[in-house]
Amino acid sequence: MNQNSFEIISALLKRQSGLIIGRDKLYLLETRLAGMLKREKLRDLNALADLLRNPANDHMAREVVEAMTTNESFFFRDDKPFLHFRNQALPKLLVARTGAAPLRVWSAAASSGQEAYSLAMIINECQAAVGSRKIEILGTDIAREQLARAKSGTYSQFEVQRGLPVQMLLKYFTRDDQQWKINDQIRSMVEFREWNLLSDSAALGKFDVIFCRNVLIYFDQSTKSRVLDFLSKQLAPDGFLYLGGAETVLGLTDKLIPMEKERGVYVRADQVVQEKMRA
Ligand SMILES: C[S@@+](CC[C@H](N)C(=O)[O-])C[C@H]1O[C@@H](n2cnc3c(N)ncnc32)[C@H](O)[C@@H]1O
């Protein structure tokens, strides 16, 4: 692939999804776009780049972006954030929210839905504390194919073996041939929709809890800062933001700060300042 073609595709990925790809990842372009080249009868990535220059081929640009996303996910990934949500965040927010407004939870790079459904199962397990309180869970992602999978709530044997305790599998899923389907009650607790994290998320409203895990790692510093600023604006003053284990806010935004002794959990900086002033 020549340098000019590489620049066309890498610029497209950065502009439309935030993904940064260096020439050392050329093999990724080659493997993930191989199916598209074959279907479109294109001889190589240079031919694809030529087509992508033409705005009439926007649908192809979208397909390139989607093919280049890394969608790996699993239930209760890394355990700790989910334990914190269950044992700290949820009880605290249930006490703090006395009005009729729903408690809102956002899985902001939801992929095939395991994160959002893990949160829904936890909320269901905490039903005694939740009572009649309304809780909304929104799962968003840029990748339409993953969102379709998430909406179907259907997972392979391999996927349910990753992270999902067996008693939860038996309680919340039914087996359908080689697949496992999450039950309708849990499925109905989550709404999935397409959303690009590079857009100002004001339109989605405020959230009490945001899980935005294992996606910032693919962005450059300025994109990370921009996304974190958007997220901080949508986080309730006393809300909680969860990032992936290899992600941080440090050096990227002054609007969020890590919670003491809680790896991967962040709160709004202005709230902490106010609490210190009241103390
Ligand atoms: C590795 S998965 C993480 C899934 C889940 N959060 C987890 O930790 O298991 C990253 C997801 O981010 C999505 N993604 C990448 N860029 C995005 C963007 N600009 N806006 C929204 N989603 C994006 C990808 O499509 C992918 O599904």
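## Helix 7

Helix 7 is mostly covered, with nine of its 12 residues buried, where buried means that 20 or more other C-beta atoms, placed from the backbone, lie within 10 Å of the residue's own, exposed means 12 or fewer, and partly exposed lies in between. The model is a predicted one, in which local features need pLDDT of at least 70 and side-chain atom pairs count only at pLDDT 80 or more, while totals for chains, interfaces and linings use all residues. Residues are numbered from 1 along each chain as its sequence is written.

The buried residues of helix 7 are Gln114, Glu115, Ala116, Tyr117, Ser118, Leu119, Ala120, Met121 and Ile123. From its first C-alpha to its last, helix 7 (residues 114–125) reaches 16 Å, close to the 16 Å expected at 1.5 Å a residue, the expected span being 1.5 Å times one less than the number of residues. Helices (H or I, at least four residues) and strands (E, at least two) are DSSP runs, numbered from the N terminus.

## Domains

The protein chain is divided into domain 1 (3–68) and domain 2 (80–150 + 185–278), with bounds that come from an automatic or database domain assignment. The C-alpha centres of domain 1 and domain 2 lie 31 Å apart.

Five residues of domain 1 are in contact with 10 residues of domain 2, contact meaning that the C-beta atoms of two residues, placed from the backbone, lie within 7 Å. On the side of domain 1 that touches domain 2, two residues are nonpolar, two polar and one charged; here Ala, Val, Leu, Ile, Met, Phe, Trp, Tyr, Cys and Pro count as nonpolar, Asp, Glu, Lys and Arg as charged, and the others, Gly among them, as polar.

## Surroundings of the ligand

The ligand is surrounded by 22 residues, of which the closest are Thr69, Ser73, Ala109, Ser111 and Leu197; a residue is near a molecule if its C-beta atom, placed from the backbone, lies within 6 Å of it. By class, this shell has six nonpolar, 11 polar and five charged residues.

## Leu93

Leu93 lies in helix 6 (residues 80–96) and counts as buried because it has 21 C-beta neighbours inside 10 Å. Leaving aside residues up to four places away in sequence, Leu93 touches Leu103 and Asp208.

Most residues other than glycine have a negative phi.

Asp177 is placed in the loop between strand 4 (173–176) and strand 5 (179–182), and with 5 C-beta neighbours inside 10 Å Asp177 counts as exposed.
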